[in-house]
Amino acid sequence: MMSQPVLRVEGVGKCYRDYGSEWRRVVSWFNKGVRPRQEVWTVRDISFEIGRGEAIGIVGHNGAGKSTLLKIITGTLAPSTGQVHCQGRVAAILELGMGFHPDFTGRENVYHSAGMMGFSKEQVASVIDEVEAFAEVGDYFDQQVRTYSSGMHVRVAFAVATAFQPEILIVDEALSVGDAYFQHKSFARIREFLEKGTSLILVSHDNSAIMSLCNRALLMEKGQLLASGDPENVINVYAARTAEHEREVGVDHAAGSQVKQAVRSGNGRAVIESWRLVDADTGLSREHFMVGQKASLVVECSVHANMQAVGLGFMIRDRYGLPVYGTNSFLQGAQADQVQHGQQWVFKADIPLQLGKGNYSITIALEDAAHQRLDWIDLAIMFEVAQPGVERFIGTACLPAVMSCDVNNVQDEGQKA
């Protein structure tokens, strides 16, 4: 797939230069000796490729340069260095309502926006009813956009951007302002496009969306590419960097072009010393369980400061990195209270593995009463659930559903609409 990328970004950077006056700026065009008084690089030396049908997620703190990079890719902003090579049409949803005229109606803005994307009036007319139906804004579709809520903005913007299947679809946080129903509807369309070969660039603070939709992720920090690789691992690095920004210490991560190892972070006031998943009946460590089998998560820790309380939290994720189940000691009322420096504590969580067959991971963490991260280990435990014999269900959850059927003996006189 990557042998013929639909998008190639090579050494892209964006620098804003302050020359002190417009005269000095103009002179700098002809005289390379005129130096700017100040240079601010918002994006610097970014390179990556996207193949047909590939989905890439971009994560990073606000101000990391994500939106600037997307504007360069879409051509709305010229790079200071590097080049962008794109094959095919790009549809982008960047800033909310970008390109919409507030005095135009939703319908008029659809024609205007689609026209800017290169579609004729006849082409837009052929899909306008579908756009209106997908947006589901009712009578507001023929009212001025200035009367729209943020959710209505994104409904119409997404509907027009995806009215024609693009080669590359770029979404920058826009869907986060939509309601849950429209988010599900939008992600269903995105998945449909991916299956048909559209490439996706998604910028989002919704880690579940990144892990669900994307097969690769990029982490940007201070305008530079900090890490790239498997979405779950990159997001774990991002979480560790977030903790680091919050003045927590002890962050170990694999920086560079590829991320391949687990991440651990925390302030060290309490430290996880050992952890294991065992058969609840025998107490023996296991990596393979049957559907419904009872397991116990056992975590031993040492305390290095006096604290009001310490609790264990854990999250089970499926093979795609999506959360399946999580809880913590505080929610369960099973925290360690009034802990003292030098103490050793053992936390235990009995878990009936009512899960579908597949591979799962467990992330574990210690928190204090203020929910500050004491110690956190992602991918601490990997285990597999098997479903022996004839499969009775599909999915990640084993629910106690019992099905039956019977003939419907309806009398003729009751068969009315």
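Select Lys14 and Tyr16 to begin: the charged end of Lys14 sits over the ring of Tyr16, 5.3 Å from its centre, where a charge is taken to sit over a ring if NZ of Lys or CZ of Arg is within 6 Å of the ring centre and within 35 degrees of the ring normal. This is a predicted model, in which local features need pLDDT of at least 70 and side-chain atom pairs count only at pLDDT 80 or more, while totals for chains, interfaces and linings use all residues. Residues are numbered from 1 along each chain as its sequence is written, and side-chain values use heavy atoms, with hydrogens and water left out.

Next, select Arg189 and Phe134, where Arg189 lies over the face of Phe134 at 3.8 Å from the ring centre. The structure holds 8 aromatic pairs, a pair being two rings of Phe, Tyr or Trp (its six-membered ring) with centres within 6.5 Å, called stacked with planes under 30 degrees apart, edge-to-face over 60 and tilted for the rest.

For one of these pairs, select Phe119 and Phe164, whose ring centres are 4.0 Å apart and whose planes are at 15 degrees, so the pair is stacked. Phe119 lies in the loop between helix H3 (106-116) and helix H4 (121-135), and Phe164 in the loop between helix H5 (150-161) and strand E6 (168-172), so the pair ties together parts that are 45 residues apart in sequence; here helices (H or I, at least four residues) and strands (E, at least two) are DSSP runs, numbered from the N terminus. Both Phe119 and Phe164 are buried, the term for under 20% relative accessible area, with exposed over 50% and partly exposed in between (1.4 Å probe, protein chains only).

Return to Phe158 and Phe182: their ring centres are 6.1 Å apart and their planes stand at 85 degrees, so this pair is edge-to-face. Phe158 lies in helix H5 and Phe182 in helix H6 (residues 180-195), so the pair ties together parts that are 24 residues apart in sequence. Phe158 is buried, with a relative accessible area of 0%, and Phe182 is likewise buried, at 1%.

Now move to the open sheet of 3 strands, which runs in the order E11-E13-E17 with antiparallel pairing; two strands pair if DSSP finds at least two bridges between them. Strand E11 (270-279) and strand E17 (344-352) stand at the edges, each with a single partner strand, so one side of each is left without a neighbour in the sheet. Within it, 9 bridges join strand E13 (residues 294-303) to E17, and selecting Lys294 shows it opposite Pro352 in E17.

Strand E19 (residues 373-386) comes next, joined by 2 bridges to the antiparallel strand E10 (residues 264-265), with Ser265 opposite Trp376. Strand E12 (residues 288-290) runs parallel to E19 and is joined to it by 3 bridges, with His288 opposite Glu384. Strand E18 (residues 358-368) runs antiparallel to E19, with 9 bridges, and in their hairpin, which has 4 residues between the strands, His371 takes a positive phi near 65 degrees.

Finish at Asn328 in strand E15 (residues 323-328), which counts as buried at 19% relative accessibility. Its side chain reaches the backbone nitrogen of Phe330 at 2.9 Å, and a polar atom of the Asn328 side chain lies 2.8 Å from the backbone nitrogen of Leu331.

Notes
A polar contact is a pair of N or O atoms within 3.5 Å; within protein, one must be able to donate a hydrogen and the other to accept it, and residues adjacent in sequence count only if both atoms are side-chain atoms.
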